[in-house]
Amino acid sequence: MLMNNEGEYGKYIIQELNNPNTGTPEFQAMYNRFAKRILWIDGNMVPGAFQMNTAWYKKVPERDPIFDEHAHDSDELIGFFSSDPENPYDLGAELEVTINGEKHLINKSSLIFVPANMPHMPLRILKVDRPIFHFSVVTNPEYGGEAYK
């Protein structure tokens, strides 16, 4: 048995952050004050892979909204999850997510499917009582950085 990412196919197992450094240096510094990126994968890291980002959102950021409205030329899946295993649907936070102009208050663990070319965001993080696990998957091999401005 091979350990972790050893062997011929270990290259498909990502266990360390290869930070994509998306956005301006100012955006990156601000992001790092409220969030902790865990792992990132895309076609640059693993040929053939699509893009996925994972992070903990730890507090309300000083910038509001954190991400502005944008769209992608491929589908996106966005997730926000509770960090309380005893109450997995209680997000312990309040977010405002806009999908094609329609605002939604999110206070439960959620998966959000955004079809290609649909405007989405801004994202406002209104309240954080405990860390939120966040991920996003864009089905392109690279993320164009539309949200990181």
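The legends below describe close-up views of one predicted protein model.

Residues are numbered from 1 along each chain as its sequence is written, and side-chain values use heavy atoms, with hydrogens and water left out. Because the model is predicted, local features need a pLDDT of at least 70 and side-chain atom pairs count only at pLDDT 80 or more, while totals for chains, interfaces and linings use all residues.

**View 1**
Helices (H or I, at least four residues) and strands (E, at least two) are DSSP runs, numbered from the N terminus. From that end on, the order of the elements is α-β-β-β-β-β-β-β-β. The radius of gyration is 16 Å, close to the 15 Å that the globule rule gives for 149 residues, so the chain is as compact as a globular protein of that length. This radius is taken over C-alpha atoms, and the globule rule is 2.2 Å times the number of residues to the power 0.38. The C-alpha trace spans about 45 × 35 × 30 Å along its principal axes. Of the 149 residues, 38% are buried; buried means under 20% relative accessible area, exposed over 50%, and partly exposed in between (1.4 Å probe, protein chains only). Contact means heavy atoms within 4.5 Å. Among contacts with a separation of 6 or more, 70% join residues 24 or more positions apart.

**View 2. Helix H1 (residues 25-34) has buried residues.**
Phe27, Met30, Tyr31 and Phe34 are buried in this helix. They lie on the same side of H1 because they cover an arc of only 100 degrees around the axis. The arc is that of the directions from the helix axis to the C-beta atoms. The cover over the buried residues of H1 includes strand S1 (35-41), strand S2 (51-57) and strand S7 (120-128).

**View 3. Methionine 121 and proline 122 are in strand S7.**
Most residues other than glycine have a negative phi, and most peptide bonds are trans. Methionine 121 has a phi near 80 degrees, a positive value in a residue other than glycine. The peptide bond from methionine 121 to proline 122 is cis, with omega near 15 degrees. Methionine 121 has a relative accessible area of 5% and is therefore buried.

**View 4. Leucine 123 is also placed in strand S7.**
With 1% relative accessibility, leucine 123 counts as buried. Neighbours within four places in sequence aside, leucine 123 is in contact with Tyr57, Pro65, Ile66, Phe67, Phe80, Leu95, Glu96 and Val97. One of these, proline 65, is 58 residues away from leucine 123 along the chain, yet their C-alpha atoms are separated by 5.6 Å. Proline 65 sits in the loop between S2 and strand S3 (76-81). The peptide bond that leads from aspartate 64 to proline 65 is cis, with omega near 0 degrees.

**View 5. Asparagine 100 has a positive phi.**
The value is near 50 degrees, in a residue other than glycine. Asparagine 100 belongs to the loop between strand S4 (90-99) and strand S5 (102-108).

**View 6. Asparagine 44 lies in the loop between S1 and S2.**
Its relative accessibility is 55%, so asparagine 44 counts as exposed. Apart from neighbours within four places in sequence, asparagine 44 is in contact with Pro141 and Glu142. Asparagine 44 and leucine 91 are 47 residues apart in sequence, and their C-alpha atoms are 33 Å apart in space.

**View 7. Asparagine 4 is in the segment before H1.**
Asparagine 4 has 47% relative accessibility and so counts as partly exposed. When neighbours within four places in sequence are left aside, asparagine 4 is in contact with Ile13 and Gln15. Proline 141 is 137 residues away from asparagine 4 along the chain, and the C-alpha atoms of the two are separated by 23 Å.
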